Amino acid sequence: MKTLFGHCGEQVMIEPPFHCDYGNQITLGDRTFININCTVLDSPLKVGAIAIGRDCLIGPNVQLLAVSHALNPTERLDKANLCAPVTIGDNVWIGAGAIVLAGVSIGDNSVVGAGSVVTKDVAANSLVAGNPAVKIRDI
């Protein structure tokens, strides 16, 4: 697995199946755990990088999506892709079935509730949940 990723820390555990587009723009911090059926859509370019910090817990069926499509219908006909990085801080827990969209940063020690769709940045030490995810409280 270490050869798949741009960087893979020590004691990382990934339960199969694991799905990604390229892998070379994914970085994983030490002691991170990724549960079954995680999908990570990275880009071959740095603009579509996905960084996961140390000691993170990624629940089953989580999707981390640094790639999207154009809203403009003409651009979409050309199959244009839009990329923006996804950054997950240290000691973050992302609950089962959550979706994190392109351009989102999740701060250290935060929790994303199961089934949430994260469309905007999450401040450190926050609990967010819902579709779209909103801040529930500080942790």
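Student: What should I know about the model before we start?

Tutor: Because this is a predicted model, local features need pLDDT of at least 70 and side-chain atom pairs count only at pLDDT 80 or more, while totals for chains, interfaces and linings use all residues. Residues are numbered from 1 along each chain as its sequence is written, and side-chain values use heavy atoms, with hydrogens and water left out.

Student: Why is T32 called buried?

Tutor: Buried means under 20% relative accessible area, exposed over 50% and partly exposed in between, with a 1.4 Å probe and protein chains only. T32 has a relative accessible area of 0%, so T32 is buried. Its place is in the loop between strand 4 (26-28) and strand 5 (33-34), where a strand is a DSSP run of E with at least two residues, numbered from the N terminus.

Student: What makes the pairs formed by the side chain of T32 polar contacts?

Tutor: A polar contact is a pair of N or O atoms within 3.5 Å; within protein, one must be able to donate a hydrogen and the other to accept it, and residues adjacent in sequence count only if both atoms are side-chain atoms. The side chain of T32 reaches the backbone oxygen of G53 at 2.7 Å, and a polar atom of that side chain lies 3.3 Å from the backbone nitrogen of C56.

Student: How do you know that S110 is buried, and which backbone oxygens does its side chain reach?

Tutor: S110 counts as buried because its relative accessibility is 0%. This residue lies in the loop between strand 15 (105-106) and strand 16 (111-112); its side chain reaches the backbone oxygen of G107 at 3.1 Å, and a polar atom of the side chain lies 2.8 Å from the backbone oxygen of A123.

Student: Which residues touch the most other members of the largest nonpolar core?

Tutor: A nonpolar core is a set of buried Ala, Val, Leu, Ile, Met, Phe, Trp, Tyr and Cys residues joined through side-chain atoms within 4.5 Å. Of the 28 residues in the largest one, L64, I88, I94 and I106 touch the most other members, and strand 4, strand 6, strand 7 (50-52) and strand 12 (86-88) each supply at least two residues of this core.

Student: What makes strand 3 and strand 6 a pair?

Tutor: Two strands pair if DSSP finds at least two bridges between them. Strand 3 is joined to strand 6 (residues 38-41) by 3 bridges, and the two run parallel.

Methods. Helix = DSSP H or I, 4+ residues; strand = E, 2+ residues; numbered from the N terminus.
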